[in-house]
Amino acid sequence: MDRIDELCSMMQTVMKKLETLELIKDRILSVEQDVKSLKESINFAHAELDDLKKETKERKEAEDEREIKIKILEDSNRRLQESVIDLKARSMRDNLLFHNIQESDKEDCTDIIFKLLEEKLEMPDARREIKIDQAHRVGRKRDDRRKPRAIVAKFNFFPDREKIHYNTKKSKGTQIGISKQFPEEIEKVRQTLYPEMRRAKAANQRVRLVGDKLFINNVEFIPRHN
C-alpha cells in the first residue's frame, strides 16, 4: 500500500511538473507571439519610416524644382523689366523736359520751346538749325493753383539735344528748369542719388550721374540699403 501511495505521490508530482511545463510552454508561445507582433510592428514602422523618407525626399525635390522654376521666372521677369526700361530710355534719348513754363489754353508747345531757346538760351537761329519732332505737356491738366506741367520736347537730332542741355546754364536766374527725360524707374533711383551727389560736389569731388548710376572720382557709388 505504501508503494502505491508513493507511486501516486510521484505521479501527482510529475503531473504538477507537466502542468508547470505547459504553463511555461504557453508563456513561451505567448512571448514568441508578442515578439512576432513586435517584429511586425517594427517592420511596419520601418516601412512607414521609409515611405515617409521617400515622401519627404520627393517633396524636397519638388520644392527645389519649384524654387528653380520661380528663380528662372524671376530672372526672366527681371530681364524683361530691364529690357522694357532700356527701350523706354532709348525712346527718351532725344527728349528734354522744360519745367516751370506757364500754361495757357490753345498754346503751341513747339513755338514756346523755340522762343525759350532764342530768348533764354541765346540760340537765335534755333528755328532754322534745330528740328523739334514734337512737344507737349506731360500728364493731365492741373488745377491753376498748382505749378505748370512740364513740357517734353523730342528733338530730331541727338547732338541738338546735347547742345541745348549744355546751354542750360544760361537759364540761371530764371525759374525755368531743363532736364533730360528718363523712365520713371530710373528717375526714382536718381532721386535717391541726388543728396550724395550734392555732398560729393560740395567736397570738390568729380561727379558724374549717368542714367541711374552715380560716379564719384570715376568710382561707382553703391548706396547702402537698410
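Me: With which residue does Arg149 form a salt bridge, and how far apart are the closest N and O atoms?

Reply: A salt bridge is counted when a side-chain nitrogen of Lys or Arg is within 4 Å of a carboxyl oxygen of Asp or Glu. Here the partner of Arg149 is Glu103, and the closest N and O atoms are 2.8 Å apart. Arg149 lies in the loop between strand E2 (132-137) and strand E3 (151-155), and Glu103 in the loop between strand E1 (95-99) and helix H2 (109-119), so the pair ties together parts that are 46 residues apart in sequence. Helices (H or I, at least four residues) and strands (E, at least two) are DSSP runs, numbered from the N terminus.

Me: On what basis do such values rest?

Reply: The model is predicted: local features need pLDDT of at least 70, side-chain atom pairs count only at pLDDT 80 or more, and totals for chains, interfaces and linings use all residues. Residues are numbered from 1 along each chain as its sequence is written, and side-chain values use heavy atoms, with hydrogens and water left out.

Me: How many salt bridges does a search of the whole structure find?

Reply: The search finds 21 salt bridges. One of them joins the side chains of Arg161 and Glu162, with 2.6 Å from N to O. Arg161 is buried at 6% relative accessible area, while Glu162 is partly exposed at 30%. Another salt bridge links Lys213 with Asp212, whose closest N and O atoms are 3.6 Å apart. Lys213 is partly exposed at 37%, and Asp212 is partly exposed at 31%.

Me: Which charged residues sit over the rings of Phe158 and Phe215?

Reply: A charge sits over a ring if NZ of Lys or CZ of Arg is within 6 Å of the ring centre and within 35 degrees of the ring normal. Arg93 lies over the face of Phe158, 3.6 Å from the ring centre. The charged end of Arg208 is placed over the ring of Phe215, at 4.8 Å from its centre.

Me: How many aromatic pairs are found in the whole structure?

Reply: Rings of Phe, Tyr and Trp (its six-membered ring) pair if their centres lie within 6.5 Å; planes under 30 degrees apart count as stacked, over 60 as edge-to-face and the rest as tilted. The search of the whole structure gives zero such pairs.

Me: Which residues have a positive phi although they are not glycine?

Reply: Asn100 has a phi near 65 degrees, and Lys106 has a phi near 55 degrees. Asn100 belongs to the loop between E1 and H2, and Lys106 is placed in the loop between E1 and H2 as well. Asn100 is partly exposed at 32% relative accessibility, whereas Lys106 is exposed at 87%.

Me: Which residues make a nonpolar surface patch?

Reply: Patches are made of residues with over 30% relative accessible area and no salt bridge: like charges are joined within 9 Å, and nonpolar side chains (Val, Leu, Ile, Met, Phe, Trp, Tyr) within 5 Å. Accessible areas come from the Shrake-Rupley method with a 1.4 Å probe; for residues, only the protein chains shown count as cover. In this model, Leu21, Ile24 and Ile28 make a nonpolar patch of about 270 Å². Leu21 lies in helix H1 (residues 2-91).

Me: How far apart in space are Glu58 and Glu74, and how far apart are Ile132 and Phe157?

Reply: Separation along the chain and separation in space are to be read together. Glu58 and Glu74 are 16 residues apart in sequence, with 24 Å between their C-alpha atoms. Glu58 lies in helix H1 and is partly exposed at 45% relative accessible area. Ile132 and Phe157 are 25 residues apart along the chain, and their C-alpha atoms are separated by 8.5 Å. Ile132 belongs to strand E2 and is buried at 10%.

Me: Which domains does the assignment give for the protein chain?

Reply: Domain bounds come from an automatic or database domain assignment. The assignment gives domain 1 (51-92), domain 2 (93-181) and domain 3 (182-225). The centres of domain 2 and domain 3, taken over C-alpha atoms, are 25 Å apart.

Key
Buried means under 20% relative accessible area, exposed over 50%, partly exposed in between (1.4 Å probe, protein chains only).
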